[in-house]
Amino acid sequence: QVQVVESGGGLVQPGGSLRLSCAASGSGFGPGTMAWYRQTLGKERELVATISRSGSTDYADSVKGRFTISRDNAKNTMYLQMNSAKPEDTAVYYCKVTNRFNILSQYWGQGIQVTVSS
């Protein structure tokens with residue numbers, strides 16, 4: 001059984017910072033590529049950032065220069081540092097993890113709310 005758990009969400013003021021975490025665990029499982037997505041009501045889930053096991057990263061244009069994705073392979077944990085937050089960053093943020101031993105197996109967290117508001 002693979003578990004993916006996000007944490008660190010909440011309320012942040014415009015221009016402020018927040019750090020999200022995503023911890024993955026399970027027997028016979030090792031995280032390969034990890035990614036953050038976000039979704040607002042009535043819209044499709046959108047990709048925010050990805051990071052490979054070796055540390056290669058990619059970002060959506062809307063967050064480039066403001067968000068930083070990182071990971072700690074020893075802890076099977078991924079992070080999203082959100083700086084210069086904007087109201088349009090308000091969304092439920094989801095973590096997706098691909099199993100490095102079976103790339104067809106992908107797992108999602110339950111999602112965590114981030115609200116950017118004064």
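The model is predicted, so local features need pLDDT of at least 70, side-chain atom pairs count only at pLDDT 80 or more, and totals for chains, interfaces and linings use all residues. Residues are numbered from 1 along each chain as its sequence is written, and side-chain values use heavy atoms, with hydrogens and water left out.

Q: Why is the link of Cys22 and Cys95 called a disulfide?
A: The term asks for a pair of cysteine sulfur atoms within 2.5 Å. Cys22 and Cys95 have their sulfurs 1.9 Å apart, and a search of the whole structure finds one disulfide. Cys22 lies in strand E3 and Cys95 in strand E9, so the bond ties together parts that are 73 residues apart in sequence. Strands here (E, at least two residues) and helices (H or I, at least four) are DSSP runs, numbered from the N terminus.

Q: What makes the link of Cys22 and Cys95 left-handed?
A: The angle about the S-S bond is -65°.

Q: Why is Thr77 called buried?
A: Buried means under 20% relative accessible area, exposed over 50%, and partly exposed in between (1.4 Å probe, protein chains only). Thr77, at 9%, is therefore buried. This residue sits in strand E8.

Q: What does the side chain of Thr77 reach?
A: One of its polar atoms lies 2.8 Å from the backbone oxygen of Lys75. A polar contact is a pair of N or O atoms within 3.5 Å; within protein, one must be able to donate a hydrogen and the other to accept it, and residues adjacent in sequence count only if both atoms are side-chain atoms. Thr77 also touches (heavy atoms within 4.5 Å) Cys22, Ala23, Met34, Arg71 and Asp72, not counting residues up to four places away in sequence.

Q: How do you know that Arg38 forms a salt bridge with Glu46?
A: A salt bridge needs a side-chain nitrogen of Lys or Arg within 4 Å of a carboxyl oxygen of Asp or Glu. For Arg38 and Glu46, the closest N and O atoms are 2.6 Å apart. Arg38 counts as buried at 6% relative accessibility, whereas Glu46, at 36%, counts as partly exposed.

Q: Which parts does the salt bridge of Arg38 with Asp89 tie together?
A: The closest N and O atoms of Arg38 and Asp89 are 3.0 Å apart. Arg38 lies in strand E4 and Asp89 in the loop between E8 and E9, so this pair ties together parts that are 51 residues apart in sequence. Arg38, Glu46, Arg66 and Asp89 are linked in a network of salt bridges.

Q: Is Arg66 buried or exposed?
A: Arg66 counts as buried, at 10% relative accessibility. Its place is the loop between strand E6 (57–59) and E7, and its side chain reaches the backbone oxygen of Ser62 at 2.9 Å.

Q: How do you know that Asp61 forms a salt bridge with Lys64?
A: Their closest N and O atoms are 3.2 Å apart. Asp61 is exposed, with a relative accessible area of 64%, while Lys64 is partly exposed at 47%.

Q: Which residues touch the most other members of the largest nonpolar core?
A: Leu20, Trp36, Leu80 and Tyr93 do, in a core of 29 residues. A nonpolar core is a set of buried Ala, Val, Leu, Ile, Met, Phe, Trp, Tyr and Cys residues joined through side-chain atoms within 4.5 Å.
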